[in-house]
Amino acid sequence: MSKSRRGITRQHIIAGFFTLLGLLMLFNYLPPALAGDDVVSRIALAVPQPIINFPTAWSLSVIGLIATVAGVLGLSNLVSRWTDSLLWIGAVLLFPAILIWAAAGKQTNATVMLSESLRLGTPLALGALAGIWAERSGVINIAIEGMMLMGAAFGFAIFIFTGNIWLGVVGAVIIGGMMALLHGVLSISFRTDQIISGTVVNILAIGITGYLRRQYIVVEGGGRVTLPSLSAMIANAGFPDLARSLDSIPIIGPLVFGGKPIFFAMLLLVVITHIILFQTRWGLRTRAVGENPKAADTVGIAVNRMRYINVFISGCIAGLGGAWFSIETVGQFDDGMTAGKGFIALAAMIFGKWMPFGAFGGAMLFGFAEALGTRFQILQLQVLGGPVPVQFLQVIPYVVTMIVLAGLIGRAVGPAAVGKPYEKQ
């Protein structure tokens, strides 16, 4: 949390939010708690057991008290050494508070909720990594949405044509890289404004994928297809006992080993991206051309070549994210099925301040927001005595995106030379 001795800081804004939220929770739930309200929220931590019963009013009153204390201390700057820790505790407690509130008098499964968050955060994390690879080298990539859409369409089309699902995934990766090269030619070689170039790629992707779907995918059909989970792949390889033992691990088993190949590829790419960017010579040169291309050129680094390669890698990762939609999850291709996830991925990248693990955290936050909207629908959430319209629940991830970008992440400064074409003198 940032601090300043003058004026209203980001800490004051966050502290004010927690103060209001905490007082609202106390006002609504403390009187019922004192009156002995016996409404219980049943939270399952695994399938089918164990189930923990949380007294709804008492639980939310305690969390509200903690949020209020953290907010007041943050506003007053008292005990400043502990203020940040208290605010972070309040932020973490918001997640169980939401589940307890939504599950009042009902039951929900926290493990399934977390698993859904990881699953729905997968394409966002891949898109954020794609953005990091491009922007760390100095090229703005708002074309992630278009690259993902092309990967989704062509990956599924290749599967229909060849009957091989893995060739479909590889094809999605390659077509994403080719679209990235188009973006690179426009923005690096022709020095087109990189925002305009990315917009062109996005519009082009919408047209090409729509035509491909109508003229080929719908005609050829091919049925629905999804990649198997890791435990299913292990069982199919002849190790059914190992697969069953992995699935039976409490909480971790269904949470991790129920994931599918692109999910695991995403986890590996987060680690690999961090290692390459911050532990290798290639990463040092990538960051150099993104921060000061003239100085990098002076010491013999081919700036534009580095940018081309990094943008191509960016497109390949985005194409893999597209394959997640059509092959790993839905098992079909529909027009515009990425639904703006490429832009939310950019928000996750900014949330993580162009760092792989930070971007992963941002992607999981947005994935949790989307999973939360689905969970609210299942629990038939009611506010003011009536059910919340589905349309309002579906916009939760986009509202979270705006809130995060509007002030919760503080000042996020990208690479110094991002968006600036370089011409060798």
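Biologist: What distance should the 26 residues of helix 4 (residues 110–135) span, and how far apart are its end C-alpha atoms?

Modeller: Helices here are DSSP runs (H or I, at least four residues), numbered from the N terminus. The expected span is 1.5 Å times one less than the number of residues, so helix 4 should span 38 Å. That agrees with its end C-alpha atoms, which are 36 Å apart.

Modeller: By the way, this is a predicted model, where local features need pLDDT of at least 70, side-chain atom pairs count only at pLDDT 80 or more, and totals for chains, interfaces and linings use all residues. Residues are numbered from 1 along each chain as its sequence is written, and side-chain values use heavy atoms, leaving out hydrogens and water.

Biologist: Where in helix 4 does the kink lie?

Modeller: Bend means the angle between axes fitted to the seven residues ending at a residue and the seven starting there. In helix 4 the kink is about 40°. Shortly before the proline Pro123, you'll find the spot: Thr122.

Biologist: How many residues of helix 4 are buried?

Modeller: Buried means under 20% relative accessible area, with exposed over 50% and partly exposed in between (1.4 Å probe, protein chains only). Helix 4 is mostly covered, and the count out of its 26 residues is 21.

Biologist: Is Thr338 buried or exposed?

Modeller: Thr338 sits in the loop between helix 14 (303–329) and helix 15 (341–351). Contact means heavy atoms within 4.5 Å, and beyond four places in sequence Thr338 has contacts including Glu145 and Phe325. Its relative accessibility is 1%, so Thr338 counts as buried.

How values were computed
Helices (H or I, at least four residues) and strands (E, at least two) are DSSP runs, numbered from the N terminus.
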